[in-house]
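Biologist: I would like to go through this structure step by step. May I begin with the terms that we shall need?

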Amino acid sequence: MRRDDSVSPRSVLEIRGLNLDFGTPRGRVHALRNVSFDLPAGQVVGIVGESGSGKSTLAYTVMGLLPDNAEVTAGSILFEGKDLLKMRAPARRSLLGDRLSMIFQDPMTALNPVRTIGSHMIDIQHHEQVSRGEKRARALEMLHRVGIPDPESRVGAYPHHFSGGMRQRVCIAMALLVKPALLVADEPTTALDATLEVQIIHLLKQLQKEIGCSILFVSHHLGAVAELCDRVVIMYAGEVVEEGSVRDIFHNPAHPYTRALLECDPGRIKKSTRTLPSIPGEVPSLLGTKLGCIFRSRCPQAFDRCVQENPVEHRIGLDQVARCHLLDEKRLVSA
Amino acid sequence: MNPLLRVKDLHVRFRTMGPLKALATGTKDPFIDAVCGVSFEIRKGETLALVGESGSGKSTIARTIIGLQRAVSGSITFDGQEIEDLSRTERKPYLRRMAMMFQDPLGSLSPRLTVQSLLTEPFRIHGLKDCDVGGEAKRLLRMVGLPADFARRYPHQLSGGQARRIGIARALALNPDLIIADEPTAGLDVSVQGEVLNLLARLQDELGMAVLIITHNLNVVRHMADRMAIMYLGRFVEVGSTERIFDQPRHPYTEALLAANPEPDPDAVLNRIEVRGEMPSLLRRPSGCEFHTRCRYAQDICGRVFPEPSSTPDDTEHSFRCHLPLERDPATLFERRLSPVDFTSRITSRHRPSASPRSVAPK
Amino acid sequence: MVIVSSRLGPNDAAEAGPFGAFLRQFRKNRVGVVGAVLVILIVASAIFAPFVVTHDPTRIMVGPRLAPPSLDFILGTDQLGRDTFSRAIMGSRIPLLAASVSLSSALAVGLVLGLIAGFGPRWLDNLLLLVFDTIRSFPSIIFALAMIALLGPSLASVILVIATTSMPIYARVVRTQTEAQRSSEYIAAERSMGAGTTRILAVHILPNVLGPLMILVSMDVPAVIAVEAGLSFLGMGVRPPTPDWGAILNDGYNYIDRTPWLVIAGGIPIVLATLGFTFLGEALRDIFDPKLRKDL
């Protein structure tokens with residue numbers, strides 16, 4: 001339904017019309033609805049949304065790490081041209097920790113507490129046909145690159161010997177050790193303090209440039225996304241509402257939700273004020289099928305068409321798409 | 001006018017190992033100092049923010065004021081009365097006049113009580129039996145903008161924002177003089193954060209209570225607090241009016257914290273002042289100025305001499321612990337929005353430490 | 001998934017009290033319903049035993065000796081010509097009495113000690129844990145034999161033995177649960193409002209501890225019934241001629257080569273009671289806390 005040149009060889013990841021349901025005792029929850037976007041090679045794409053927007057579900061779907069009650073009902077995820085969803089389980093598994101790797105929100109739970117950092121880092125290279133000594137040397141070099149001081153002595157340490165920031169650095173080292181084509185980062189800085197968050201973002205940015213991989217960066221933190229990403233995908237209640245380059249999204253947001261979200265960020269409001277902007281209302285329940293725009297209940301500009309019709313994608317400029325009826329109305333007026 | 005709350009030279013320590021283990025390993029001092037000699041005041045109706053990263057001791061101060069944690073030394077005076085050395089029963093009447101909102105909005109609600117019981121807990125604890133429980137619950141729900149039928153819900157049926165509102169309502173139940181808000185926006189989405197902060201600000205304007213905000217989020221501080229204190233390793237490194245500190249931070253750690261607030265603007269990638277490394281362990285406090293291991297302006301003296309608080313002559317309320325306090329150009333960090341092509345100012349540092357170590361007279 | 005748990009419609013939320021939700025879930029558990037029906041039947045027949053029996057359960061020679069089942073004697077008669085059906089019905093009173101008295105006293109003591117251990121100072125916790133573990137380290141059957149040798153065979157001894165051996169298990173569960181709740185933020189929030197220890201324990205901790213504890217107790221009832229029957233079978237429980245399931249088995253055992261009826265009649269109620277309570281307990285456990293047994 002979008003982009004005629006959809007088999008562009010320059011994309012590492014192409015997600016097309018992805019729909020995902022969770023089976024729950026209270027019915028089917030449509031956690032992802034018609035999600036489509038591209039991740040160009042060598043770029044960082046940020047997935048931004050609030051809790052319940054499906055951004056983490058999307059990351060887990062790409063990695064194939066969904067719980068049992070999840071079911072992809074339609075769509076495809078093309079990774080380097082191959083559909084991950086049609087792949088057999090062993091083939092898909094062999095991609096993980098090789099062409100695809102992931103860092104998690106909580107670096108402590110992502111590491112096995114009874115094994116040393118060194119053994120984690122050697123194990124992750126199980127795809128490589130090199131000696132153990134060589135693997136160890138690579139691990140040391142990578143730990144050095146992510147800024148762990150004195151890696152030779154730290155490689156024998158256990159995860160709990162490291163602070164939160166250091167642990168996340170270890171996780172990044174592990175994820176990038178295998179030189180993946182795509183790194184999926186699920187809220188990697190949320191559990192960290194502000195000064196460490198900045199360090200980790202800079203580290204990711206620098207390593208991404210050196211290694212040349214692509215990053216799918218899932219976050220609710222607009223500041224971090226603005227700093228790190230080349231492109232941004234805005235999600236709301238399981239749908240992609242807007243997508244574009246980071247400049248377009250932050251300077252020229254087209255969807256009312258994107259605008260509201262940007263306005264809400266207290267980091268943008270420099271003058272001291274006692275009344276901060278917010279988005280009144282709550283994320284709608286995703287049970288059952290609904291007609292119309294998913295954001296309409298909280299949208300200040302909603303009109304009758306938003307209730308009756310699902311909005312389709314509208315292209316703004318060269319590289320920005322948004323799903324909103326207002327854009328269509330505007331075009332009709334100008335035509 | 002007497003301050004509502006006065007904390008003086010507060011010290012709080014935690015045991016790191018049992019006495020037997022300490023004896024066995026030969027550790028003479030099996031404690032860490034979570035809070036080291038902190039003093040501050042909150043006036044009636046005022047908002048003070050304690051800012052710091054995890055492990056800075058800010059929550060420990062809050063827990064000590066409310067009596068969940070004992071101090072080793074120092075005094076806490078509430079409305080002229082010393083409350084630190086009171087027993088639990090003696091402290092109870094004072095707990096009626098202060099209330100704390102905890103970090104985890106859902107976790108701080110007893111899971112098997114209905115919202116109505118939760119909201120009216122304070123009345124029952126303080127033996128106010130003759131009040132109309134249902135009516136009070138309705139009044140409190142209305143105050144925080146929730147419909148009356150929420151009274152019958154259980155905590156697990158609330159969203160984060162709703163649970164936070166219940167927390168605010170309960171804190172306000174007995175019309176306290178002081179509210180301690182520990183990370184009032186933790187766990188909330190950006191779209192809801194504004195609502196909760198506005199609610200807190202509006203209720204403060206209406207009811208006139210003082211608020212002590214504990215947070216690591218400087219964005220919250222800017223819009224809520226009259227004064228702020230920045231903590232590092234259990235000490236205040238800078239105290240002053242919020243406006244003043246945002247405008248002209250004097251301590252390099254404050255500067256780093258302000259800069260660590262990534263701008264939600266892809267073109268605003270200015271010269272980010274990144275602090276090196278991580279906060280040292282409380283078990284191994286650095287010598288001299290405790291921030292010198294991460295400070296980019298650190299000089300010889302910083303590693304040797306412990307800095308005493310000093311202040312500027314024009315604003316004695318603004319004090320900071322630094323040998324080389326920052327001086328800056330009139331252009332402030334935040335008023336100056338860079339255009340996308342302004343590359344020159346990205347490179348030039350707009351901060352520089354003052355030339356001589358003692359340009360500012362110590363207090 | 002997050003959405004599901006946090007966003008219920010306003011109407012849903014108002015209705016879904018904890019008890020209503022429990023009933024809805026329980027009805028889906030078929031084994032649990034069978035268990036509940038069995039338990040209700042057994043308990044009711046024990047309470048209303050005098051109205052259910054067809055003959056005087058202790059009267060000798062109401063019929064022929066060791067008669068097979070007939071219309072008059074539904075489960076036949078024993079070697080003294082007593083009606084087995086009436087004895088089995090009446091006999092349910094002793095095991096149920098033993099179970100309820102011993103388990104409720106174990107529950108009461110275990111609850112108090114567990115709360116003290118979980119909420120009190122560290123040294124007291126360690127001391128109580130030592131006591132619990134000491135009691136638990138005795139093999140229970142040897143402990144039972146020793147106690148009965150000391151106190152003489154009687155129902156009271158049986159009850160005492162069961163109460164003493166199950167108490168530490170309950171106390172440990174209560175302690176674990178209490179300790180988990182103790183450090184949670186809502187307890188700190190209650191303290192910050194000035195709530196005293198008694199109030200925190202009674203209003204906030206107890207409801208969270210009681211659920212798992214009741215499941216544990218209901219799962220122990222069949223074990224107690226079996227132990228009581230076993231001790232009576234060995235002649236260390238109630239004295240004859242009091243009707244009791246274990247005693248009926250004991251009587252029947254001597255005549256098993258001539259007629260199996262007595263053993264069957266004595267065995268069926270034990271099997272039904274054990275199954276009923278087990279099913280009920282397992283259903284409760286599945287609903288409330290599938291991981292409970294790991295807390296021990």
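Modeller: A residue is called buried if 20 or more other C-beta atoms lie within 10 Å of its own. Please keep in mind that the model is predicted.

Biologist: Which residues of H6(C) are buried?

Modeller: Helix H6 of chain C spans residues 84-91 and is mostly covered, with eight of its eight residues buried. By name, the buried residues of H6(C) are C:Thr84, C:Phe85, C:Ser86, C:Arg87, C:Ala88, C:Ile89, C:Met90 and C:Gly91.

Biologist: Why is helix H4 of chain B largely enclosed by the rest of the structure, and which residues of H4(B) are buried?

Modeller: Helix H4 of chain B covers residues 115-125, and it is largely enclosed because eight of its eleven residues are buried. The cover over these buried residues includes helix H5 (133-143) and helix H6 (160-171) of chain B, together with helix H12 (197-233) of chain C. The buried residues of H4(B) are B:Val115, B:Gln116, B:Leu118, B:Leu119, B:Thr120, B:Glu121, B:Pro122 and B:Ile125.

Biologist: Which residue with a positive phi follows H4(B)?

Modeller: The phi of this residue is near 65 degrees. The residue that follows H4(B) is B:Gly127.

Biologist: What feature does UniProt place at residues 5-258 of chain B?

Modeller: Over residues 5-258, chain B is 38% helix and 25% strand. The end C-alpha atoms of this stretch are 27 Å apart. According to an unreviewed UniProt entry, the feature at these residues is "domain: ABC transporter".

Biologist: Which element gives the most to the side of chain B that touches chain A?

Modeller: The contact takes 34 residues from chain B and 39 residues from chain A. On the side of chain B, the elements that give two or more residues are helix H7 (190-207), helix H8 (218-224) and helix H10 (252-259). By class, this side has 14 nonpolar, ten polar and ten charged residues. With nine residues, the element that gives the most is H7(B).

Biologist: In chain C, at what angle do helix H9 and helix H10 pack?

Modeller: H9(C), residues 140-151, passes H10(C), residues 155-182, in a right-handed crossing. Among the residues that make the contact are C:Phe143 and C:Met147 of H9(C) and C:Leu160 and C:Val161 of H10(C). The residues of this contact divide into seven nonpolar, three polar and no charged. The axes are 10 Å apart, and the helices pack at an angle of about 145 degrees.

Notes: Residues are numbered from 1 along each chain as its sequence is written. Chains are lettered from A and ligands numbered from 1 in the order in which they are written. This is a predicted model: local features need pLDDT of at least 70, side-chain atom pairs count only at pLDDT 80 or more; totals for chains, interfaces and linings use all residues. Two residues are in contact if their C-beta atoms, placed from the backbone, lie within 7 Å. Helices (H or I, at least four residues) and strands (E, at least two) are DSSP runs, numbered from the N terminus. Ala, Val, Leu, Ile, Met, Phe, Trp, Tyr, Cys and Pro count as nonpolar, Asp, Glu, Lys and Arg as charged, and the others, Gly among them, as polar. Axes are lines fitted to C-alpha atoms, for helices over the stretch in contact, and angles run from 0 to 180 degrees between N-to-C directions. A crossing is left-handed if the near helix is turned anticlockwise from the far one by less than a right angle, and right-handed if clockwise. UniProt positions are given in the numbering used here, feature names are shortened, and annotations may be inferred rather than shown by experiment. A residue is buried if 20 or more other C-beta atoms lie within 10 Å of its own, exposed if 12 or fewer, and partly exposed in between; C-beta atoms are placed from the backbone.
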